[in-house]
Amino acid sequence: MITTATLIALGKVLLSFCIILFFIYKHRVLWFAILCGAVAIGLLFGLSPLAVASSFFQTTYDARFLSLGVIVVAILLLSSVQEATGQGQRLVAGLTPYLRSPRLRLIFFPALIGLLPMPGGAIFSCPMVRDIARGSNLNEGKQTLINYWFRHIWEIFWPLYPGYILACTLGDIPFSLLWKYTWPIVISNIMVGILFFLRGPIDLPEPRADGGIIRQPLRNVLLEGLPLLVAVLGMPIFSLAFSVAGVASSVEKSFLCSLLSAVAVACMQTRLPLRRLPPLLFSRGTLRMALLIYAIYTFKDVILNAGVINSLAGVASSPPALLCFFFLLPLVSGFLTGMMAGFVGASFPLLIGLLNQMDLADDRLTWIIFALAAGNLGQMASPLHSCFIVTVEFFHTHLLSVWRRVVIPSLSQFFIACLYTAFLHFILQVKV
């Protein structure tokens, strides 16, 4: 059963989030609000002020924070180059006649970028959604929701995501086995997104000349999209090249190389003078985004150093109690960290250990899928999710008003995943 200490810990977590939301409501900048929440949760869970300050300093040399920061800056630079030269708009205009369905046009680019397994990658598709929706009946809030939601339809299924790989490793399940049983969840994610965010008539303007739709040769359209193709396809190519050369590599390093290559291709295609790159690189928006990433990672470091996740864990002695833990721990850690790798890394070691302790290891596939669904609910409904924050920042929408519209679809997504997991467990009786 859930102990009093666990309920007290949950109360402390809720209080720290109330502090974050209070500063956001008072129109403070987001990174400042998140840092205030980090201080609050650290002190509430017993860290001294010096230990909290140490966590702040610890983040500055965190390898994952540094790599993510550089990657997001590279993404923003590529986006800025394509926006400054009009290449992004030309790509959208060129693809529009080939995507006849308005809903498909809106979904296509966020879903495509969703195949890139990097936190904050939603910033990549923001300008594309904006260009497609320009002059339509979709306001900035709806554009924010569409970009954020369809960026994440693949995450529980796509084997390139670090959190997916971590879940398979910790659970000792083959990548292909989890992939085999999670693809239906992607379909339900798409349907939920269409139901909540793309209902009703959608009036998207189409480029016309002399009364007819402009349809450029596909070759020309693909050339405009070459930087994007380099960014998407370059990561596995660079990973293979590093492997063949015997050079130690990582997903982040390969992705950064592909992004920098994409920037180089965009500059050569558009003949952008090099003197225009520094103003694009060191813009105010780039600095604000870097501070946001720093704040998110600092918050994560503080909750790990304060033992917040462990404070929420009790002892599971029965399947119903275990079910509560498989729901609460990924949910809360997903809500706190806003990332799949965060909730998997924070909660799965404990959860897998509980399964082994209760001799339920043969059933671990369905338990893991349920935990992934619970963690996904937490991260999708988290106002600290980096993709959510960068999308809100890009479209200049009010965080709380948009966030409220994400919660119900996320709950619906989780409910469908629960029904599917129950079908796997009780009807198909899937074992590892």
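## Terms and model

Helices here are DSSP runs of at least four residues, numbered from the N terminus, and the structure in which they are assigned is a predicted model.

## The second largest cavity

A search of the whole structure finds 4 cavities of 30 Å³ or more, and the second largest cavity has a volume of about 100 Å³. Its lining is made up of 10 residues, with Ser-79, Gln-82, Glu-83, Gly-88 and Pro-127 lying nearest the centre of the cavity.

Three helices, H4 (63–85), H5 (87–95) and H7 (122–133), each contribute at least two residues to this lining, and the largest share, 5 residues, comes from H7. Sorted by class, the lining residues of the second largest cavity comprise 3 nonpolar, 4 polar and 3 charged.

## The packing of H4 against H15

Helix H4, which supplies part of that lining, also has an axis that comes within 10 Å of the axis of helix H15 (residues 284–305), and the two axes cross at roughly 155°. Because angles over 145 degrees count as roughly antiparallel, H4 is roughly antiparallel to H15. The crossing of these two helices is right-handed.

On the H4 side, the residues in contact are Arg-64, Phe-65, Leu-68, Gly-69, Val-72, Val-73 and Leu-76, and they meet Thr-286, Met-289, Ala-290, Ile-293, Tyr-294 and Tyr-297 of H15. By class, this contact between H4 and H15 consists of 10 nonpolar, 2 polar and 1 charged residues.

Methods
Residues are numbered from 1 along each chain as its sequence is written. This is a predicted model: local features need pLDDT of at least 70, side-chain atom pairs count only at pLDDT 80 or more; totals for chains, interfaces and linings use all residues. Side-chain values use heavy atoms; hydrogens and water are left out. On a 1 Å grid over the protein atoms alone, a cavity is a set of points where a 1.4 Å probe fits but cannot get out, and a pocket is an open set with protein on both sides within 12 Å along at least five of seven lines; lining residues have an atom within 4 Å of a point. Grid points are joined across faces, edges and corners, and a volume is the space filled by probe spheres set on the points. Ala, Val, Leu, Ile, Met, Phe, Trp, Tyr, Cys and Pro count as nonpolar, Asp, Glu, Lys and Arg as charged, and the others, Gly among them, as polar. Axes are lines fitted to C-alpha atoms, for helices over the stretch in contact, and angles run from 0 to 180 degrees between N-to-C directions. Angles under 35 degrees count as roughly parallel, over 145 as roughly antiparallel, 65 to 115 as roughly perpendicular and the rest as oblique. A crossing is left-handed if the near helix is turned anticlockwise from the far one by less than a right angle, and right-handed if clockwise. Contact means heavy atoms within 4.5 Å.
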